[in-house]
Amino acid sequence: MDQELKKLISLQHVDNEIQEIVSLSGDLPNRVDKKEAQLNDIKSKLETTNQKIADLEKDSRKISSEIEDSQSKLDKYKDQLFLVKTNKEYDALNSEIDHLKSVLSDSEDLALKMQSDLESEGEIKKVSEVEIEEIATSLETDKKNLDNSLSESKDQLEELNNSREAILKDISNNLLAKYNQLQNTRGAGVAALNGNCCGACYSTLPPQMVIEIQSNEIIHTCPSCSVFLFSEEQNIEE
Ligand SMILES: [Zn+2]
């Protein structure tokens, strides 16, 4: 096998591994960011809920004391009914009592509504608190994994880059420049023969070229996409 072709193939293997590591660890920071945003959303939702609960509790205390006042006023008026001397006074007092009763009934309805609002806000609060705990836990796990994966992939990348440097020494600048250009534009500089087609762009190759590529003794590039071609059917360790 042509030794330079063999090096190009090795270089492609190393570059593929580097790409894989980079893209694998690329997803985790994204996930951590997303979860952090999600957590902040729920926390601000919880803050709103807490504010609503505080407001409702305050209003609820106010309405309770209003109900108490109206109730004691009503009791007082009822007592006074026995003391009035004229019909006119009696009617006036009675109409005052009716009015107070209607105010009292409205206040009691309002108090009930507040109580039920308080209960539903309390449920929302509970759900948010559970969600926050769940997300915070899984966020912590993701962060740990991210740290581990970063330090692990850092080691792996260092090793791969060392192999890469060693391989580069045995490839001529001319081929290397071409390989790098292909790697940057197409994501691959070397492709295996696929039947009688280029393994990168699948265009059919001239029969004579296919035979020569199959020998792995001559470096050919694809006439369509320019990648370096080799044959996997030959033992590349030769
Ligand atoms: Zn091609």
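Helices here are DSSP runs of H or I with at least four residues, numbered from the N terminus, and by that definition Glu 131 belongs to helix H2, which covers residues 87-168. The model is a predicted one, and its protein chain is assigned two domains, domain 1 at 3-168 and domain 2 at 173-230.

- Taken over C-alpha atoms, the centres of domain 1 and domain 2 are separated by 57 Å.
- Contact between the domains involves 8 residues of domain 1 and 11 residues of domain 2, and on the domain 1 side the most is given by helix H1 (residues 3-81), with 7 residues.
- Sorted by class, the side of domain 1 that touches domain 2 consists of 5 nonpolar, 1 polar and 2 charged residues.

**Packing of H1 against H3**

- Two packed helices are described by the angle between their axes and the distance between the axes.
- For H1 and helix H3 (residues 173-186), the angle is about 30° and the axes lie 12 Å apart; because angles under 35 degrees count as roughly parallel, H1 and H3 are roughly parallel to each other.
- The crossing in which H1 passes H3 is right-handed.
- On the H1 side the contact is made by Glu 4, Leu 8, Leu 11 and Asp 15, which meet Leu 175, Tyr 179 and Gln 183 of H3, and the residues of this contact divide into 4 nonpolar, 1 polar and 2 charged.

- From Glu 131 to Ile 167 the separation is 36 residues in sequence and 51 Å in space, C-alpha to C-alpha.

**Residues with positive phi**

- Most residues other than glycine have a negative phi.
- Asn 216, in the loop between helix H4 (207-215) and strand S3 (220-221), has a positive phi near 60°, and this residue counts as buried because 22 C-beta neighbours lie inside 10 Å.
- Ser 226, in the loop between S3 and strand S4 (228-230), has a positive phi near 75°, and with 17 C-beta neighbours inside 10 Å this residue counts as partly exposed.

Key: Residues numbered from 1 in each chain as written. Predicted model: local features only at pLDDT ≥ 70, side-chain atom pairs only at ≥ 80, totals over all residues. Helix = DSSP H or I, 4+ residues; strand = E, 2+ residues; numbered from the N terminus. Domains from an automatic or database assignment. Contact = placed C-beta atoms within 7 Å. Nonpolar A, V, L, I, M, F, W, Y, C, P; charged D, E, K, R; others polar. Buried ≥ 20, exposed ≤ 12 C-beta atoms within 10 Å, placed from the backbone. Axes fitted to C-alpha atoms, helices over the stretch in contact; angles between N-to-C directions. Parallel < 35°, antiparallel > 145°, perpendicular 65-115°, else oblique. Left-handed = near helix turned anticlockwise from the far one by under 90°.
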